[in-house]
Amino acid sequence: MSSFVQGSAFIDEAYVPIAEAKISLLDWGFLHSDATYDVAHVRNGKFFRLHDHLDRFYASMQALHLSIPYSREELCSILSHCVSQSGLRHAYVEMITTRGLPEPGSRDPRTCTNRFYAFAIPFVWIAKPGASLEVIISERQRIPSQSVDPTVKNYHWLDLVMGQFEAYDKNCESAVVVNQDGNIAEGPGFNVFAIKDGMLTTPDEGVLLGITRKTTLEIATELGYKVVEGKLSPQAARAADELFATSTAGGIMPISKVDGKPIAGGQVGPITQQLQERYWALHKDARYTYSVNY
Ligand SMILES: Cc1ncc(COP(=O)(O)O)c(C=O)c1O
């Protein structure tokens, strides 16, 4: 069995088995969460919407004064090589740029040499196909947009992780946190959608603009549903006909219970199901895919 079977990483211009991938303790990505990242996925040997992920990744780096020496084509080839090296047909592929290490003794981020890392590991599901999520709506606030721009994908996750612990204390598996107005923001690695009377609403404040969220908005519009990017109050979410989460790590995932109360009778709602089917069908559409060269 190849030592790359659990995944492959790209560090310091070399590909190594994921278990051997190591970074410096002094990297500010680790010490200060001073980094940006993106996660794309490979399904049946093909990346889904890779260029959308790369657009977001390059925009995030620019917003944070980070840069890497790789062109988009070089980046595609590095990510693709991580996947082919591991042999994985379904993969979770992460790319990370950190501030790196400063000049010795300096605290000036401008002296840092930015670092780029990437890895491919077996696909990670927030909720497996056929499964649904049970969430709580936490009163914990997502870090304000004025402090950390949520559209720049970042590792400021303590609010989300503490929300998860609050959920575990209530015998629930995940949590959604709120924005400064007390409306729903997002969950650990996912955006949220509510459906009421055939209309979809997804929060637009204090959230990452997820690629799966974007795909869902496109699919729903194409199917003739009205979509709104705006406020979603906890009350509206609890009263929704259907509720679901969206993420690269699982696609469109039904939420069957909120704060212990069933949504859509605890079943997968018909619109959620229709969107889910279309989402996975798009993975066979050449307009959205980029093949890994194994
Ligand atoms: C905080 C947060 N919100 C939403 C998402 C969903 O984004 P995407 O659909 O691009 O995976 C993620 C993905 O990891 C995330 O970290």
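Which side chain has an N or O atom 3.0 Å from an oxygen atom of the ligand? The side chain of Arg56 does.

The model shown is predicted, so local features need pLDDT of at least 70, side-chain atom pairs count only at pLDDT 80 or more, and totals for chains, interfaces and linings use all residues. Residues are numbered from 1 along each chain as its sequence is written, and side-chain values use heavy atoms, with hydrogens and water left out.

**View 1. Residues around the ligand.** The ligand has 16 residues around it, and Lys153, Glu186, Ile211, Thr212 and Thr248 come nearest. A residue is near a molecule or strand if one of its heavy atoms lies within 4 Å of it. Polar contacts are pairs of N or O atoms within 3.5 Å; within protein, one must be able to donate a hydrogen and the other to accept it, and residues adjacent in sequence count only if both atoms are side-chain atoms. In Thr248, a side-chain N or O atom is 2.6 Å from an oxygen atom of the ligand. In Ile211, a backbone N or O atom lies 2.8 Å from a ligand oxygen atom.

View 2. Thr98 belongs to strand E5; helices (H or I, at least four residues) and strands (E, at least two) are DSSP runs, numbered from the N terminus. Thr98 counts as buried because its relative accessible area is 4%. Buried means under 20% relative accessible area, exposed over 50%, and partly exposed in between, with a 1.4 Å probe and protein chains only. Contact means heavy atoms within 4.5 Å. With neighbours within four places in sequence left aside, the contacts of Thr98 include Asp27, Leu66 and Tyr117.

**View 3. Glu103 in a loop.** Glu103 sits between strand E5 (91–101) and strand E6 (113–122). Its relative accessibility is 46%, so Glu103 is partly exposed. Between the C-alpha atoms of Glu103 and Asp285 there are 47 Å, and these residues are 182 residues apart along the chain.

**View 4. Aromatic pairs.** A pair of aromatic rings is described by the distance of the centres and the angle of the planes. Rings of Phe, Tyr and Trp (its six-membered ring) pair if their centres lie within 6.5 Å; planes under 30 degrees apart count as stacked, over 60 as edge-to-face and the rest as tilted. The count is 15 aromatic pairs. One of them, Phe10 with Phe116, is tilted, at 6.2 Å centre to centre and 55° between the planes. This pair links distant parts of the chain, with Phe10 in strand E1 (residues 8–11) and Phe116 in strand E6, 106 residues apart. Phe10 and Phe116 are both buried. Phe48 and Tyr279 form an edge-to-face pair, 5.5 Å centre to centre with 75° between the planes. Here Phe48 lies in strand E4 (residues 46–48) and Tyr279 in helix H7 (residues 270–281), 231 residues apart.

**View 5. Charges over rings.** A charge sits over a ring if NZ of Lys or CZ of Arg is within 6 Å of the ring centre and within 35 degrees of the ring normal. Arg43 lies over the face of Trp280, 4.6 Å from the ring centre. Arg89 is over the face of Tyr294, at 4.4 Å from the ring centre.

**View 6. Cys82 and Cys76.** A disulfide is a pair of cysteine sulfur atoms within 2.5 Å, and the structure holds zero disulfides. The cysteine sulfur closest to that of Cys82 is in Cys76, 12 Å away, which is too far for a bond. Cys82 is buried, with a relative accessible area of 0%.
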